[in-house]
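Trainee: Please take a close look at strand pairing for me. Follow it wherever it leads, and spell out the cut-offs as you go.

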Amino acid sequence: ILANGNGNTEVINSGNINVKGKHNIGMLANGKNNTGIAQAINEVTKIINISSGSSLSGIDSLNGGNIENKGEINILSTAKNSIGIYVENGSTGTGTGNITVTGDGNTAIANFGTFTQTGGTIDVSGKDSIGVYAKDSTSDTLIQEDTISGTKAKVNAKNGAVAFYADGSSGNESNIKIDGVESTIDDGSLL
């Protein structure tokens, strides 16, 4: 489902989306201009399943677009090198929903722009899988408690996964701010 940035454009998932194959995206908010912004919204109780294949993504924000995940994103163990939420440099996103990642080499959230997760649960299981990944010195990543309901955000990792990864490998220091977050880390995994 595509929202392209010519004025205020918006796409809303009110059902279930299944993503499979190779290099496919479930929802995409692409662009903004002086008359508006492209937005893609995964609504409350709605599901994006990344079921099989490689290099797949649940919901992406590119070229200044904005995304919201209020529902659920699942990356199944049959998907490889896939991402639940991707935010490009100069783009934005928010999340209040849940993300579950199984299998090796997958990522729940990859942020190069501005992303805030408020409440919700991110469960990551699998070797080299990542809960929250941030890269680029211009990225702004915040994982926080829902202060209205008092619900803490949860980021859990097991079976060789990493809960938080702020990548400074290219010389661009990145950071992830956490506030009111609970984490359970087991089975050879890292916080």
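**Strand pairing and its surroundings**

Mentor: Met 27 stands opposite Ile 59 in E8. Before going on, some ground rules. This is a predicted model, in which local features need pLDDT of at least 70 and side-chain atom pairs count only at pLDDT 80 or more, while totals for chains, interfaces and linings use all residues. Residues are numbered from 1 along each chain as its sequence is written, and side-chain values use heavy atoms, with hydrogens and water left out.

Now the pairing itself. E4 and strand E8 (residues 57–62) run parallel, with 5 bridges between them. Strand here means a DSSP run of at least two residues, labelled E; helices, H or I, need at least four, and numbering starts from the N terminus. Two strands pair if DSSP finds at least two bridges between them. E4 also has a parallel partner in strand E1 (residues 2–4), through 3 bridges. There, Ala 3 has Ala 29 of E4 as its bridge partner.

E4 is largely enclosed by the rest of the structure, because 5 of its 6 residues are buried. Buried means under 20% relative accessible area, exposed means over 50%, and partly exposed lies in between, using a 1.4 Å probe and protein chains only. His 23 sits between strand E3 (16–22) and strand E4 (25–30). His 23 is exposed, at 56% relative accessible area. Its phi is near 60 degrees, a positive value in a residue other than glycine.

Next, E15. E15 pairs with E12 in the parallel sense over 4 bridges. Another 4 bridges join E15 to E18, again in parallel. Ala 110 ties these two pairings together. Tyr 86 stands opposite Ala 110 of E15. On the E18 side, the bridge partner of Ala 110 is Tyr 133.

A pair of aromatic rings is described by the distance of the centres and the angle of the planes. The structure holds 3 aromatic pairs. One of them joins Tyr 86 and Phe 112, with centres 5.6 Å apart and planes at 50 degrees, a tilted arrangement. It links distant parts of the chain: Tyr 86 is in strand E12 (residues 83–87), and Phe 112, 26 residues away, is in the loop between strand E15 (107–111) and strand E16 (114–118). Tyr 86 is partly exposed at 22% relative accessibility. Phe 112 is partly exposed too, also at 22%. A further pair is Tyr 133 with Tyr 165; their ring centres lie 5.3 Å apart and their planes meet at 85 degrees, so it is edge-to-face. It too bridges distant parts of the chain: Tyr 133 is in strand E18 (residues 130–135) and Tyr 165 in strand E21 (residues 162–167), 32 residues apart. The cut-offs: rings of Phe, Tyr and Trp (its six-membered ring) pair if their centres lie within 6.5 Å, with planes under 30 degrees counted as stacked, over 60 as edge-to-face and the rest as tilted. Tyr 133 is buried, at 13% relative accessibility. Tyr 165 is partly exposed, at 35%. Tyr 86, Phe 112, Tyr 133 and Tyr 165 together form one aromatic cluster.

Asp 136 lies in the loop between E18 and strand E19 (140–144). It counts as buried, at 16% relative accessibility. Beyond residues up to four places away in sequence, Asp 136 touches Asn 89, Phe 112, Asp 167, Asn 172, Glu 173 and Ser 174. Contact means heavy atoms within 4.5 Å. Asp 136 and Glu 173 are 37 residues apart in sequence, yet 6.3 Å apart in space, C-alpha to C-alpha.

Asp 128 is exposed, with 52% relative accessible area. Its phi is positive, near 65 degrees, in a residue other than glycine.

Finally, back to Ile 59. It is among the residues with the most contacts inside the largest nonpolar core, along with Ile 85, Ile 99, Ile 109 and Ile 122; that core has 35 residues. Strand E20 (residues 153–158) gives the largest share of this core, 3 residues. A nonpolar core is a set of buried Ala, Val, Leu, Ile, Met, Phe, Trp, Tyr and Cys residues joined through side-chain atoms within 4.5 Å. Leaving aside neighbours within four places in sequence, the contacts of Ile 99 include Ile 73, Ile 85, Ile 109 and Ile 122.
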